[in-house]
Amino acid sequence: MASEKEAALAAAPSDSPTIFDKIINKEIPATVVYEDDKVLAFRDIAPQAPTHILIIPKNKDGLTGLSKAEERHTEILGCLLYTAKLVAKQEGLEDGFRIVINDGPQGCQSVYHIHVHLLGGRQMNWPPG
């Protein structure tokens, strides 16, 4: 299996459905921990911390990455972060957690459907890498 860096360098934005679109449409199974009409949160299949959850908008509205955000995306961006807070509480991460949004090849983005990584359950380090 390719490393995350290799996967990110090989990935490219496309109009084709992403793996996240397939998870939203229930074509690919996922361990869902939170869902409402706007967002879906599920466990990462390659966790980088004891708790590693991905939070995605159900309708990406062209928002493939944070650098592509437009003013019309402010509501969903807020929903993603607020959902991260709700899920962190639900997961018992009272002592803290980390939020990561990878953007573009150098940011190690491998899926071009904006998503928030919620990481916790261990001491995080700085700098992150």
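This is a predicted model: local features need pLDDT of at least 70, side-chain atom pairs count only at pLDDT 80 or more; totals for chains, interfaces and linings use all residues.
Let's start in a loop: Lys-26 sits between helix 2 (19-24) and strand 1. Is Lys-26 buried or exposed? With a relative accessibility of 53%, Lys-26 counts as exposed, because the cut-off for that label is over 50%.

Now step back and take in the whole chain. The protein has 3 helices and 5 strands, and reading along the sequence gives the pattern α-α-β-β-β-α-β-β. Its radius of gyration is 14 Å, close to the 14 Å that the globule rule gives for 129 residues, so the protein is as compact as a globular protein of that length. Along the principal axes, the C-alpha trace spans about 40 × 35 × 30 Å. The accessible surface comes to about 7900 Å², and carbon and sulfur atoms account for 53% of that. As for the inside, buried residues make up 37% of the 129 residues. Take the contacts between residues at least 6 apart in sequence: 58% of them join residues at least 24 apart.

In what order do its 5 strands line up? The order is 1-2-3-5-4, in an open sheet with antiparallel pairing. At the edges you'll find strand 1 (32-35) and strand 4 (97-100), each of which pairs on one side only. Neighbouring strands here are turned by 20 degrees against each other on average, ignoring direction. As a general point, strands of a sheet pair through backbone hydrogen bonds, either parallel or antiparallel. For a close-up, go to strand 1 and strand 2 (residues 39-43): they run antiparallel and are joined by 3 bridges. Within that pair, Tyr-34 stands opposite Ala-41 of strand 2.

Then there's helix 3 (residues 74-90). It lies across strand 1, strand 2, strand 3 (51-57), strand 4 and strand 5 (116-120), and it runs at about 150 degrees to strand 3.

Setting aside its neighbours within four places in sequence, Leu-80 is in contact with Val-39, Ile-55, Ile-56, Pro-57, Ile-114 and Val-116.

What about the loops? Thr-64 lies in the one between strand 3 and helix 3. Thr-64 is buried: its relative accessible area is 14%, and buried means under 20%. Which residues does Thr-64 touch, apart from its neighbours within four places in sequence? They are Gln-109, Val-111, Tyr-112, His-113 and Ile-114.

For a contrast, look at Ala-10 in helix 1 (residues 4-10). At 66% relative accessibility, Ala-10 counts as exposed. Its C-alpha atom is separated by 23 Å from that of Ile-53, which is 43 residues away along the chain.

Cys-108 lies in the loop between strand 4 and strand 5. Cys-108 is partly exposed, with a relative accessible area of 26%. Finally, head for the segment after strand 5, where Pro-127 is found. A cis peptide bond joins Trp-126 and Pro-127, with omega at about 0 degrees. In general, most peptide bonds are trans.

Notes:
Residues are numbered from 1 along each chain as its sequence is written. Side-chain values use heavy atoms; hydrogens and water are left out. Two strands pair if DSSP finds at least two bridges between them. Helices (H or I, at least four residues) and strands (E, at least two) are DSSP runs, numbered from the N terminus. Axes are lines fitted to C-alpha atoms, for helices over the stretch in contact, and angles run from 0 to 180 degrees between N-to-C directions. Contact means heavy atoms within 4.5 Å. The radius of gyration is taken over C-alpha atoms; the globule rule is 2.2 Å times the number of residues to the power 0.38. Buried means under 20% relative accessible area, exposed over 50%, partly exposed in between (1.4 Å probe, protein chains only). Accessible areas come from the Shrake-Rupley method with a 1.4 Å probe; for residues, only the protein chains shown count as cover.
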